[in-house]
Amino acid sequence: MINQVKNTDNKRQAWVFSLFVTSALAVFAACSNTSAPEDYEGAVEYTGAMVWTDGTFVQRDLVVHNGQFKAPPRKKPPQMTSVDMTGKFITPPFGDAHTHKIEGVARLESFNRQYIEEGVFYVQNPAGLPRLMTDSRPFTDRPETIDAKYSMGAITTPFGHPERGYVEFMTRYAYKGETRESMRGTAIHAVKTEDDVKRAIEILVEDKADFVKIILEGSEDYETQSAIIEEIGPNTEGVSPFVTSGMNPDLVPTTVRYAGEAGLAVKAHVATAYDFKVAVEAGVDQILHMPGTVPKGDKPLDTYILDADIAQAAAEADIAVVATAAVRLEFVRSEMCDQFFKDDCDKIFPIQKQNMRTLLDNGVSILIGTDNYFARARSEVDHVREIEAMSDAEALTAWIATGPGIFPERKIGALQPGYEADFLVLDANPLTDFTTLDRIETRVKGGETLVLE
């Protein structure tokens, strides 16, 4: 019996020792890079920098090879070049998930420089004229330019948003020569039935849309508002700009289904908390605009306030929100705001802050977007910091997350082996000195340094 116990103990000790050795070898293998020296031919190693890692900065080396990050070798091979980055801070680049600047070629070069200058490499145009976005495609997604996604139009209701703005404003400027009729079925897809939705998706596929944009605009009053705007029709002279509508909320699940069958994500423009709820429950992929960015008409302000339950539902469904809180700053801060909303203008920013905290505190990812032709992406970042809706760390994290939010199919937004070698070099820690983002020292895209000429 004694010998049997001893043998059992010996076996147990041997098993524990074997398990320890196996685990140690596994850890060693995971942390080591056994690539041959020739595998680093032409590679560049950046040493000594503080590197963005899981929401903070950690000192570690980065190796760039063939446009991607690669695990540093245990021993530096002679074929690899080293760049000393001691004292520098390296972060992934940024994005703008709601811009209409990338449409047509007239000012593309200027806008590209503007974006690259502020560290924005990835953008998303969620509506516009397909022929102009098609003109933009050859310019974007090149090594030296921003990468872009295009919606190629928006699904709405007859005479619904954004048709009036396009006809009464855009045809005077960017859309010269276009008419209401020429934009219907191209930039504007007005739907009333499932067959209309199916045809709209087919056209978007034909136009090579990267995703589907739908319009929800006060859908709690859809029946009333859609009837009003159809009765008004094109004769909108003297009619309030806030008299508008989006698509029938009952058609949103159908739209999500048809788009999914076509391999396209659905991104929803929303205005009210009810719109937000409709979009989340239908399973959209992304929400464009946070309710409360600007009030619409005479709706009570609580129409725009999000509750924790719907925020949690959005987080569980992994639905990110492009807040666009600064979209109409020049209007909110002007006398015109008081003319439209009387005593409510001073309540807009507190509602924005409340909604953003509800989203963030319940785990929803916020993405940065401007939706303002005359503003930079940085305007949105600065605004959410100014109204204390986000801390500097949260704003920086959101801006970094915007790139992968636009391109979830790509390995971007992290400085890890296997990811695209896109990054920015800063002279200070942005978590303690946000002004360092005003003086980006180096911009690297696909492993190549971008030069601003």
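This is a predicted model: local features need pLDDT of at least 70, side-chain atom pairs count only at pLDDT 80 or more; totals for chains, interfaces and linings use all residues.
**Confidence.** I checked the scores before anything else. The chain has an average pLDDT of 90, and 91% of the residues reach at least 70. Residues 1–32 are below 50, and beyond near neighbours in sequence I find two contacts for this stretch in the model.

**Sheet.** I looked up the strand order next. Three strands form an open sheet, ordered β8-β9-β10, and the pairing is parallel. I noted β8 (94–96) and β10 (147–150) as the edge strands; each has a single partner strand, so one side of each lacks a neighbour in the sheet. On average, neighbouring strands here are turned by 15° against each other, direction ignored.

For the pairing of β8 with β9 (residues 120–125), I count three bridges in the parallel sense. Phe94 sits opposite Val120 of β9.

**Helix on the sheet.** Which strands does α15 touch? I find β8, β9 and β10, with α15 packing on the sheet and its direction at about 70° to that of β8.

**Helix α15.** I then took the helix by itself. α15 covers residues 392–406, 15 residues in total. From first C-alpha to last it reaches 22 Å, close to the 21 Å expected at 1.5 Å a residue. I looked for a bend and found a kink of about 25° at Ile400, shortly before the proline Pro404.

Ile400 is also on my list of buried residues in α15.

Note on methods. Residues are numbered from 1 along each chain as its sequence is written. Side-chain values use heavy atoms; hydrogens and water are left out. Helices (H or I, at least four residues) and strands (E, at least two) are DSSP runs, numbered from the N terminus. The expected span of a helix is 1.5 Å times one less than its number of residues. The bend at a residue is the angle between axes fitted to the seven residues ending there and the seven starting there. Buried means under 20% relative accessible area, exposed over 50%, partly exposed in between (1.4 Å probe, protein chains only). pLDDT is the predictor's confidence in each residue, from 0 to 100. Contact means heavy atoms within 4.5 Å. Two strands pair if DSSP finds at least two bridges between them. Axes are lines fitted to C-alpha atoms, for helices over the stretch in contact, and angles run from 0 to 180 degrees between N-to-C directions.
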